[in-house]
Amino acid sequence: MSFTTNLTIQLTLFFLTGLFSLLQAQTIEIKGLVKDSINQPLSYANVFAEPIDKNIKVSYAVTDEKGHYSLRIKKKKPYKVTCSYIGFVNKDVAFNFSKDTIYNFKLKEDLNQLDEINISYTIPIVVKTDTITYNTDKFVTGNERKLKDVLKKLPGIEVDRNGNVTANGKKVSSLLVEDKPFFGGNTKLGVNNIPADAIDKVQILENYSDVAMLKNLQDDDKVALNIKLKEDKKKFVFGDLETGTGIKEKYLLHPKLFYYSPKTSVNFIGDVTNTGEKSFTIRDYIEFEGGAIKMLNNAGGFMKLYRSDFAKYLSNQDYKADKTIFGAFNVRRSISKSTDLSLYVISAKSNTLSENKNNNQYLFGDLFIENRIDTNEKDNFYTIGKLTLDYNPNKKTDYIFSSILNISDSENLSNINTNSQNEILSIKNKSNLDVFSFKQQISLNNKLSKKHTVTFDANYNYQKDKPNMQWNTNQEILEGLIPIIQEDYFRVRQVKHIKSQEISALLKDYWVLHRFHHIYTSFGVNKSNTSLFNNDYQILANNTINNFNTADFGNDFKHHFLDTYIGLEYKFKTGKTTFKPAIYYHNYHWSVHQLNTAKKRFTKKMFLPQLNVKVSFKNSEKLNFKYQLNNQFVSTKSL
């Protein structure tokens with residue numbers, strides 16, 4: 001076994017090595033130095049290799065701080081290589097090499113005056129600090145239909161078949177059109193639908209922040225895609241209408257309609273289908289709620305979102321039949337130069353049927369055969385709406401107000417039938433879940449001075465859940481565990497009411513001591529009040545009630561929690577490594593009150609350390625290490 005495993009590994013490595021060598025043999029490396037007329041290196045100069053054959057992808061490089069560049073091109077293929085730098089005359093060279101080559105560029109300063117000569121030349125790629133701008137006319141052929149077709153031809157950008165974009169190895173998490181979020185920043189919808197002929201420039205924005213003044217202060221490390229439109233395409237309507245029908249009465253209606261103008265954008269996608277295919281996925285839902293990076297920074301919030309009924313509906317792929325009516329609507333309006341109003345509404349109604357059949361044979365003692373059929377039918381209705389007001393009166397002030405409403409109603413009917421030599425068991429389970437949730441979010445950001453930026457975030461969340469369960473069976477369930485009365489048929493019920501109110505506030509000061517030394521101070525409070533009431537009972541044949549409360553079943557529980565804290569973070573950079581150690585001091589107070597018992601109060605004080613380390617080897621190669629000590633407390637939501 002060991003010899004076979006080692007031989008397999010060796011053959012695999014040999015194959016991969018050969019494949020890598022073959023791929024390397026098809027390309028050659030052109031590298032060298034870019035200097036000015038007095039032999040001083042030019043950093044961040046563009047070296048652009050444009051193939052004569054339009055079917056070959058363009059290659060480009062940007063010189064490092066010492067003026068060095070390196071790019072790979074196809075072997076024995078003719079290229080026109082252009083080296084450009086602002087304020088210098090461009091230099092063009094024809095390349096058609098069969099091996100790795102060193103070529104140094106020397107650029108001359110452009111001494112021509114604008115009133116003497118007019119030079120018309122557009123640099124294909126412009127690199128400025130955290131922004132890369134592509135002039136798409138230099139890359140497209142005119143046969144492209146959608147934005148994704150354009151992106152596939154831009155060097156350094158990759159697009160998968162679902163419309164997810166990576167730039168220089170980093171995942172793009174937000175999409176902007178003319179510096180404004182498109183459909184809430186959803187990347188996939190824009191990439192698959194924005195028409196190619198409307199695009200003038202494509203920008204990659206690294207270290208992107210929704211609030212400009214917080215760039216390089218927060219550690220999101222987000223990448224955004226910004227689309228600049230052609231002058232005659234800044235007001236247009238576009239979209240697709242997909243319809244289909246097929247065998248076994250399958251049907252599909254999938255409209256996508258978009259309107260864009262500098263002041264107003266309106267977007268709509270819909271689905272009427274019984275194929276089970278969903279145009280709005282769980283990944284899209286997470287992006288609407290703030291994005292994976294933001295959600296992962298709050299592990300509890302992320303898991304709560306991922307386990308929600310709406311998320312389960314979006315990710316469900318196990319069904320026998322699925323009928324869905326779905327609509328997502330988004331509108332954004334610029335009320336003034338400083339005020340934007342946006343609204344999105346997502347609504348879905350579905351009916352899903354699943355069925356599992358099992359034949360089990362037990363070989364202990366006499367042969368025992370069990371035939372089991374599980375059927376499940378779900379009726380779901382969800383509506384989520386978010387209204388956001390963004391007020392940005394100047395570059396130093398930004399206020400964001402958001403209200404989120406979530407209403408859902410789901411009913412689940414399951415049936416388990418087990419047939420064996422000795423008995424027939426039937427269990428019918430019916431569950432209902434009604435959820436009403438309201439959130440209010442306020443974000444105030446102010447740049448007080450060059451060194452100090454202050455942010456204040458406050459959130460209020462109210463949620464009311466009513467999960468009800470019903471079990472009907474011809475066999476006693478949980479025998480010996482619940483005080484059930486013997487009858488020919490058993491009907492057991494559970495009724496729950498859960499209410500929660502949560503308030504949180506965070507005041508944070510970003511103090512920039514030096515470009516590579518920051519101190520962040522935080523003051524925060526988290527408060528929650530939750531209550532749980534549940535009642536378990538049996539409905540007897542004469543419709544009287546056998547209440548399980550006499551056997552200590554049921555609950556009436558109230559939980560109050562208060563967390564006040566202060567935090568200190570020190571962020572500094574040395575070489576390619578950024579360190580951010582932090583310490584938070586928390587003062588916890590909570591109380592519990594259950595049934596008729598006396599209220600119990602508790603207090604706990606703790607220091608919670610954190611450490612973030614980021615090493616940047618290259619623009620697309622980074623190593624992140626994060627250590628964080630957290631505290632979690634039991635609440636009614638985990639009961």
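Tutor: A definition is required at the outset: helices (H or I, at least four residues) and strands (E, at least two) are DSSP runs, numbered from the N terminus. The model is predicted, so local features need pLDDT of at least 70 and side-chain atom pairs count only at pLDDT 80 or more, whereas totals for chains, interfaces and linings use all residues. Residues are numbered from 1 along each chain as its sequence is written, and side-chain values use heavy atoms, with hydrogens and water left out.

Aspartate 340 counts as buried because its relative accessibility is 6%; buried means under 20% relative accessible area, exposed means over 50%, and partly exposed lies in between (1.4 Å probe, protein chains only).

Two polar contacts involve the side chain of this aspartate. A polar contact is a pair of N or O atoms within 3.5 Å; within protein, one must be able to donate a hydrogen and the other to accept it, and residues adjacent in sequence count only if both atoms are side-chain atoms. The side chain of aspartate 340 meets that of lysine 180 at 2.6 Å, and it meets that of serine 334 at 3.0 Å.

Aspartate 340 also forms a salt bridge with arginine 332, whose closest N and O atoms are 3.0 Å apart. The term denotes a side-chain nitrogen of Lys or Arg within 4 Å of a carboxyl oxygen of Asp or Glu. Arginine 332 is itself buried, because its relative accessible area is 15%. Through salt bridges that share partners, Lys180, Arg332 and Asp340 are joined into one network.

The wider surroundings follow from contacts, meaning heavy atoms within 4.5 Å. Not counting residues up to four places away in sequence, aspartate 340 touches Lys180, Arg332, Arg333, Ser334, Thr388, Leu389 and Asp390.

Other charged pairs may be set beside this one. A search of the whole structure finds 11 salt bridges. One of them joins glutamate 206 to lysine 170, with the closest N and O atoms 3.6 Å apart. Glutamate 206 lies in strand S16 (residues 199-208) and lysine 170 in strand S13 (residues 170-171), so the pair ties together parts that are 36 residues apart in sequence. Both glutamate 206 and lysine 170 are buried. Glutamate 144 likewise forms a salt bridge with lysine 153, where the closest N and O atoms are 2.6 Å apart. Here glutamate 144 counts as buried because its relative accessibility is 12%, whereas lysine 153, at 29%, counts as partly exposed.

Nonpolar side chains are grouped separately. A nonpolar core is a set of buried Ala, Val, Leu, Ile, Met, Phe, Trp, Tyr and Cys residues joined through side-chain atoms within 4.5 Å. The largest such core has 43 residues, and Tyr134, Leu151, Ile157 and Ile227 have the most contacts inside it. Strand S17 (residues 222-229) gives the most to this core, with 4 residues. Leaving aside neighbours within four places in sequence, leucine 151 is in contact with Ile157, Val159, Val165, Val191, Val202 and Leu225. Another core lies apart from the largest one and has 20 residues, among them Ile30, Ala49, Tyr69 and Phe88.

For the protein as a whole, there are 7 helices and 33 strands. Of its 639 residues, 39% count as buried. Among contacts with a separation of 6 or more, residues 24 or more positions apart account for 61%.
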